[in-house]
Amino acid sequence: MALPDALAGAQLAGGYFDVAWLAWLDFDGDPVRVTTAGRTLILAGTGDAELDGTFDAVDPSLVGVTEVHNKEGGAETLSFTLSGIVGPDTDLLNVLGNAALWRGRTARLWAAVYDAAGVQQGAIWPFYTGRMSALQIVGEPSGQTVKLDVETYLASLTKASGRTYLDQAQFDNDDNTAALTIGIANGSTKGVAGASSVRGAGVSERASTLRELYL
């Protein structure tokens with residue numbers, strides 16, 4: 001997350017301020033740009049291709065963003081709440097109905113700060129970037145909303161390895177833990193390398209049951 005520039009920072013520290021959010025959701029073929037600034041914003045020459053464009057003004061009661069909580073390893077999941085009323089928002093619902101058009105694609109959030117007169121102070125700055133990961137539709141068709149979860153890039157790239165102790169031999173050729181464990185569970189250590197070093201390896205009632213299940 002970038003920081004506000006000096007002018008925006010001074011307004012944040014100096015008293016009254018209002019913050020507007022600008023969101024960009026990279027739906028395949030139909031990216032969405034919206035803002036809570038109270039008026040449509042047309043931006044150009046910002047140096048950020050995703051920020052350059054028209055951000056449509058939306059009612060903050062129809063579009064919401066959860067707070068960003070940073071922690072070790074990146075920020076927690078961010079959730080966008082979008083209007084999902086059948087009829088006015090049917091085009092959006094059709095896009096969301098096809099996960100290939102949004103899952104894993106980029107979502108970004110910027111912030112702008114305003115003084116008491118509604119004048120923007122400082123530059124718009126990037127606040128959050130991640131990948132859209134999951135959605136949930138809440139409510140009835142006549143008044144429903146869509147909760148869209150976004151994971152940081154770090155979280156989306158850091159997936160569980162799926163490895164267990166059964167993979168240990170890939171890292172230590174002399175480690176027979178996996179083979180011994182499976183052999184004992186099936187009631188036999190015969191022919192298992194290193195089994196002679198296991199003393200008193202009897203067959204428990206649970207191991208006998210496992211063996212029966214596999215026979």
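**View 1. Five helices and eleven strands make up the secondary structure of the protein chain.** Helices here are DSSP runs of H or I with at least four residues, and strands are E runs of at least two, numbered from the N terminus. This is a predicted model, in which local features need pLDDT of at least 70, side-chain atom pairs count only at pLDDT 80 or more, and totals for chains, interfaces and linings use all residues. Residues are numbered from 1 along each chain as its sequence is written, and side-chain values use heavy atoms, leaving out hydrogens and water. Of the chain's 215 residues, 30% count as buried (under 20% relative accessible area, 1.4 Å probe, protein chains only).

**View 2. Here we look at strand E4 (residues 53-57) and its pairing with strand E2 (residues 32-35).** The two run parallel, joined by two bridges (DSSP must find at least two bridges for strands to pair). Val34 has Asp56 of E4 as its bridge partner. Strand E3 (residues 41-43) also joins E4, this time antiparallel and through three bridges. Within E4, Gly53 stands opposite Leu43.

**View 3. Now let's visit Asp149, a residue of strand E11 (residues 145-152).** Asp149 counts as buried because its relative accessibility is 17%. Its side chain makes a polar contact with the side chain of Lys147, at 2.9 Å (a pair of N or O atoms within 3.5 Å; within protein, one must be able to donate a hydrogen and the other to accept it, and residues adjacent in sequence count only if both atoms are side-chain atoms). Beyond its neighbours within four places in sequence, Asp149 is in contact with residues including Thr77, Leu78, Arg131 and Met132 (heavy atoms within 4.5 Å).

Definitions and conventions: Buried < 20%, exposed > 50% of the residue type's maximum accessible area, 1.4 Å probe, protein only.
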